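Please read this note with the model open beside it. It takes up a few side chains and the parts of the chain that they join.

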Amino acid sequence: MNVTTDHANGIAIVRVGESRLMYPLLSEFSSVVTQLIASGERRVIVDLSTVGYVDSATIGCLMDLYRQASAAGGSLKLAGVQKRVETMLTMTGAQNFIEVHPDEPT
């Protein structure tokens, strides 16, 4: 799976370089973010700008990561969400919890 992690201004930025984020890729993606939170990162942005498709398992995974970050006193936000992915977030109600921004700087 193509996942990279950068740091800028005290924020961990996880970039997903896949067009479809779903099983079986979720395990590796989840592990990367979980390890960041466990290592003390409190502000995490997941850049989904290359992701054009997610499934319900992905939404569940994002919600779980959001809960982990919140429980650790931090936050998890999404950036670069494409329209189709945004629709899934809206349909499932996940956008009521996870902040979505048009790009990383925002």
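1. Basis of the note. This is a predicted model, in which local features need pLDDT of at least 70 and side-chain atom pairs count only at pLDDT 80 or more, while totals for chains, interfaces and linings use all residues. Residues are numbered from 1 along each chain as its sequence is written, and side-chain values use heavy atoms, with hydrogens and water left out.

2. Salt bridges. Side chains of opposite charge can pair when their charged atoms come close. Here a salt bridge is a side-chain nitrogen of Lys or Arg within 4 Å of a carboxyl oxygen of Asp or Glu. The structure holds four of them. One joins Arg 15 to Asp 6, with 2.0 Å from N to O. Arg 15 is partly exposed, at 26% relative accessibility, and Asp 6 is partly exposed too, at 35%. (Buried means under 20% relative accessible area, exposed over 50%, and partly exposed in between, with a 1.4 Å probe and protein chains only.)

3. Links across the sequence. Arg 15 also forms a salt bridge with Asp 47, at 4.0 Å from N to O. This pair links distant parts of the chain, since Arg 15 is in strand β2 (residues 11–16) and Asp 47 is in strand β4 (residues 43–47), 32 residues apart. Helices (H or I, at least four residues) and strands (E, at least two) are DSSP runs, numbered from the N terminus. A further salt bridge pairs Glu 104 with Arg 15 at 2.8 Å, N to O. Glu 104 lies in the segment after β7 (99–101) and Arg 15 in β2, so this pair ties together parts that are 89 residues apart in sequence. Glu 104 is partly exposed, at 22% relative accessibility. Through shared partners, salt bridges join Asp 6, Arg 15, Asp 47 and Glu 104 into one network.

4. Nonpolar core. Such a core is a set of buried Ala, Val, Leu, Ile, Met, Phe, Trp, Tyr and Cys residues joined through side-chain atoms within 4.5 Å. The largest one has 28 residues, of which Phe 29, Leu 48, Leu 76 and Leu 78 touch the most other members. At least two residues each come from β2, α1 (25–38), β4, α2 (56–71), β6 (75–79) and α3 (83–92). Helix α2 gives the most, with six residues. Beyond its neighbours within four places in sequence, Leu 78 has contacts that include Val 46, Leu 62, Leu 89 and Ile 98.

5. Thr 92. This residue lies in helix α3 and is partly exposed, with a relative accessible area of 42%. The side chain of Thr 92 reaches the backbone oxygen of Met 88 at 2.9 Å and that of Leu 89 at 3.2 Å. Thr 92 and Ser 56 are 36 residues apart in sequence, and their C-alpha atoms are 8.2 Å apart in space.

How values were computed. Contact = heavy atoms within 4.5 Å. Polar contact = N/O pair within 3.5 Å; in protein donor to acceptor, adjacent residues only side chain to side chain.
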